[in-house]
Amino acid sequence: MATTHKTRMLIIGSGPAGLSAAIYGARAGMQPIVVQGLQPGGQLTITTDVENYPGFRDVIQGPWLMQEMQAQAEHVGTRMMWDTILDVSLDGSPFRAIGDSGDIYEGDVLVIATGAQAKWLGAPGEQEFSGKGVSACATCDGFFYRGKKVVVIGGGNTAVEEALYLTNHSPDVTLIHRRDSLRAEKILQDRLFAHPNVKVLWNQKVDSFVGVEGKGLTGVKVVDTVTGTESVVETDGAFVAIGHAPATELFKGKLELDSSGYIVVQPGTPKTAIPGVFACGDVMDHTYRQAVTAAGTGCMAALDAERFLADLDFKALQAVPA
């Protein structure tokens, strides 16, 4: 039989944002429930070497970091639920969520931390060499290609920004774009074209990623979209930069989303347009998308949730006859 789980703080998503919110929420006595979703631990569970999360002098593994965050959240009183939310009701507190299991989750406040996923090309070899030369985050992995040759695939702001960032590490950056012009803002294009360490390959569509099994990527096979000519661009690292897709399907028509599908929050806060509903991490952040910034907004969501509940409790106390 389906069970109804009630809590002061309901959190959907179990990446750095959701677990940070849970840690702060549990320590504030809100007895949070975290519904973990399809990918418990978020994107860090498919990230191998992590070298930019504060507090660790040596390279750590993404899955290990998320296991430690979950263990900490549970240690201070968080309940972890293995379920995937299929529908939500945001009409008012308590907010309700229905899981794939049939169970119902109710929270006086709701924290949305469902994250976002990098878009992939779907080309052969892309997943095979993921973490072994293929990446979707230059900020995360660029350091590992210091002094090496890299390529960036894409033509929008993300691709140009990734290419420019990689020049901090690599003396040889190639941007591969399937058209003859970029979609990025003009100021970014000007910076790209002016940089001596960047070149652009126009009208080239990535056909596949090639390399040595067990060792890693050695090149990217491309096809000229005008002539049909095939060639291989030799490289040590390939960064797919064609955008991200926030996991907000649940909230369409129920929360305000921007043109890219990210949840709209009040500037500088995790507060959505619905009082008591907060969004944190990559589901509302299309600029930074880092584990440490996600954790920070998770903390903010928990602190704001605590204040919201304290205000609710105070108003309820005032409404009681003397």
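Predicted model: local features only at pLDDT ≥ 70, side-chain atom pairs only at ≥ 80, totals over all residues.
User: What makes the span of helix α6 close to the expected one?

Analyst: Helix α6 covers residues 291-319, which is 29 residues. The expectation is 1.5 Å times one less than the number of residues, and for α6 this gives 42 Å. From first C-alpha to last, α6 reaches 42 Å, close to that expectation.

User: Which residues of α6 are buried, and what covers them?

Analyst: The buried residues of α6 are A294, A295, T297, G298, C299, A301, A302, D304, A305 and L309. Their cover includes β1 (4-12), α1 (16-27), β8 (104-112) and β19 (277-279).

User: What makes a group of residues a nonpolar core, and which residues have the most contacts inside the largest one?

Analyst: A nonpolar core joins buried residues of nonpolar kinds such as Val, Ile and Met through side-chain atoms within 4.5 Å. The largest nonpolar core here has 29 residues, and M9, I11 and V111 have the most contacts inside it. At least two residues of this core come from each of β1, α1, α2 (62-75), β8 and α6. The element giving the most is α6, with 6 residues. Another core, of 23 residues, lies apart from it and has A97, Y105, L110 and V283 among its members. In soluble globular proteins, nonpolar side chains tend to be buried together.

User: How do you know that the rings of F143 and F144 form a pair, and of what kind is the pair?

Analyst: Ring centres must lie within 6.5 Å to pair, and planes over 60 degrees apart count as edge-to-face. The centres of F143 and F144 are 6.3 Å apart and their planes stand at 80°, so the pair is edge-to-face. At 41% relative accessibility, F143 counts as partly exposed; F144, at 28%, also counts as partly exposed.

User: Why is the pair of F278 and F308 called edge-to-face, and which parts of the chain does it link?

Analyst: The centres of the two rings are 6.4 Å apart and the planes are at 80°, so this pair is edge-to-face. It links distant parts of the chain, with F278 in strand β19 and F308 in helix α6, 30 residues apart. F278 has a relative accessible area of 3% and is therefore buried. The structure holds 5 aromatic pairs.

User: How do you know that β7 pairs with β6 and with β8?

Analyst: Two strands pair if there are at least two bridges between them. Strand β6 (residues 85-89) and β7 have 4 bridges, in the antiparallel sense, and β7 and β8 likewise pair antiparallel over 4 bridges. A97 in β7 stands opposite V88, and the bridge partner of A97 in β8 is Y105. The covered face of β7 (residues 95-99) holds F95, A97 and G99, whereas R96 and I98 are on the uncovered one.

User: Why do β14 and β16 stand at the edges of their sheet?

Analyst: The open sheet of 3 strands has the order β14-β15-β16, with antiparallel pairing. β14 (204-212) and β16 (230-234) each have a single partner strand, so one side of each is left without a neighbour in the sheet. The twist averages 30° from one strand to the next.

Note on methods: Residues numbered from 1 in each chain as written. Heavy atoms only, no water. Buried < 20%, exposed > 50% of the residue type's maximum accessible area, 1.4 Å probe, protein only. Contact = heavy atoms within 4.5 Å. Axes fitted to C-alpha atoms, helices over the stretch in contact; angles between N-to-C directions. Phe/Tyr/Trp six-rings, centres within 6.5 Å; stacked < 30°, edge-to-face > 60°.
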